[in-house]
Amino acid sequence: MSAPEAALILERCNDLAGLSSQPDRLERVHLSPEHRAANDLVARWMTEAGLSTWQDAAGNQCGRLEGSAPGLPALLLGSHIDTVPDAGRYDGMLGVLLAIAVVDRLRRSGIALPFALEVVAFSDEEGTRFGTALLGSRALAGTWNEEWWQLTDKDGITLAEAFQDFGLDPARLPGAFRRGESLVGYLETHIEQGMQLEDADRRLAVVTSIAGARRFALTVTGTAGHAGGTPFDRRRDALIGASELVVAIERLSKETGTIGTVGRLQAFPGGVNVIPGRVELSLDLRAEFDADRDDCLERIRAAADEICTRRGLSFAATETYRADAVTCDPGLQAAIGAGIRSTGDAEPMAFWSRAGHDGVAVSALTRFAMLFLRCRGGVSHHPDEHVTAADVAAALDAYEAAVLHLVSEY
Ligand code: GLV
Ligand code: MN
Ligand code: MN
């Protein structure tokens, strides 16, 4: 365990948190000026750790340390560098900095590596800007969808335009695609974003799988009208219907073992004295098993139909994101487990991730596994995200030991 290394990692998380589009909170989205600055800073830290660096054709910041011979397949380490609005400073960034620190340690140790090590700071995991997530890792995995070029941000800028503004050429995107044969696998460390470790008074865990998620833009449509002059029995109030639907989503999620969240809801036209004629709301559904999630979705659709028919409203749902559940590779899980055991935890906890991660996309290309570390109160996607230096130090030791475990059995 090394306190100075953990302190440096936490200091760098603070440095990255300073690269924000907002003066008083952290928000750094895909292909923004702050993304550019973050890539440059991460590239500098990669160079200091002895990696050769490049930005790939999707805006992912990459670095490579050759193994015992040039051009060997690479073990990928990393996480993402973009954030949600009003974010904490560890979701994603901590995994990138831990990966750089692991490579720095292994380079200094002088050990002959049977594979190369690469670090990736993925450009877009959260999907904050364009509404669909994992754009960086899906580019790397070669599972790009050409329709995404027409996605727009809140200012109407298309993804293709944002690429150009960032100095990237959409036509060159295939240059970011990697081949499975060039990779050994992908290992990511991430804060848990839940309470299981803290509740069990443990620092680290092996991730077994990542929840499958689907996201939708929902619209409930009624008729706008005068708040004073329209009696209740003549109203077609879209917000009352949407409110019933939100409550039904919570009930149906609980009944089907699904995690359902309405994170955004807007009433139109939005006047205090106007009956809402239209409501737009988001829906995020995720579960350990895709069948439970999809069962929940069907029940939500049926509930929406019933509510809207009863209230004279109409309902529409557009899917904006879909990723099915993925399982972490057993061999890489064993390496993570060995890494955690090397820190003195004889029986590491192992559980599935309720949060999405770049491994969802990378799994289409190569095997992957993840190491979780405890975060205070399970708080994440919030500025109060917090980790201790001691836990970061333990995660660094476990991450390095996991890589050495793979070296020993390669
Ligand atoms: C990503 O952080 C997600 O799980 O939404
Ligand atoms: Mn996140
Ligand atoms: Mn994350």
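The crossing of helices α1 and α3 is right-handed, a crossing being called right-handed if the near helix is turned clockwise from the far one by less than a right angle, and left-handed if anticlockwise. The model is predicted, with local features requiring pLDDT of at least 70 and side-chain atom pairs counting only at pLDDT 80 or more, whereas totals for chains, interfaces and linings use all residues. Residues are numbered from 1 along each chain as its sequence is written, chains are lettered from A and ligands numbered from 1 in the order in which they are written, and side-chain values use heavy atoms, with hydrogens and water left out.

**Helix packing**

- The axes of α1 (residues 3-17) and α3 come within 10 Å and cross at roughly 140°, where axes are lines fitted to C-alpha atoms, for helices over the stretch in contact, and angles run from 0 to 180 degrees between N-to-C directions.
- That angle makes α1 oblique to α3, given that angles under 35 degrees count as roughly parallel, over 145 as roughly antiparallel, 65 to 115 as roughly perpendicular and the rest as oblique.
- Helix α3 (residues 93-109) also packs with α11 (residues 389-409), their axes coming within 9 Å and crossing at roughly 55°, so that α3 and α11 are oblique to each other, and their crossing is right-handed.
- Helix α9 (residues 330-341) meets α11 at an angle of about 130°, with the axes 7 Å apart; α9 and α11 are therefore oblique, and this crossing is right-handed.
- Helices (H or I, at least four residues) and strands (E, at least two) are DSSP runs, numbered from the N terminus.

- The residues around ligand 1 are E125, E126, R215, R286, A355, G356 and H381, each having a heavy atom within 4 Å of the ligand.
- This shell divides into 1 nonpolar, 2 polar and 4 charged residues, with Ala, Val, Leu, Ile, Met, Phe, Trp, Tyr, Cys and Pro counted as nonpolar, Asp, Glu, Lys and Arg as charged, and the others, Gly among them, as polar.
- Polar side-chain atoms lie 2.6 Å from an oxygen atom of ligand 1 in R286, 3.1 Å in E126 and 3.2 Å in H381, a polar contact being a pair of N or O atoms within 3.5 Å.
- The protein covers 92% of the 200 Å² of accessible area that ligand 1 has on its own, by the Shrake-Rupley method with a 1.4 Å probe.

**Backbone features**

- Most residues other than glycine have a negative phi, and most peptide bonds are trans.
- D201, which is not a glycine, has a positive phi of about 55° and is found in the loop between α6 (196-199) and β6 (204-210).
- F268 and P269 are joined by a cis peptide bond with omega about 5°, and P269 lies in the loop between β10 (265-268) and β11 (274-275).

Notes:
A polar contact is a pair of N or O atoms within 3.5 Å; within protein, one must be able to donate a hydrogen and the other to accept it, and residues adjacent in sequence count only if both atoms are side-chain atoms.
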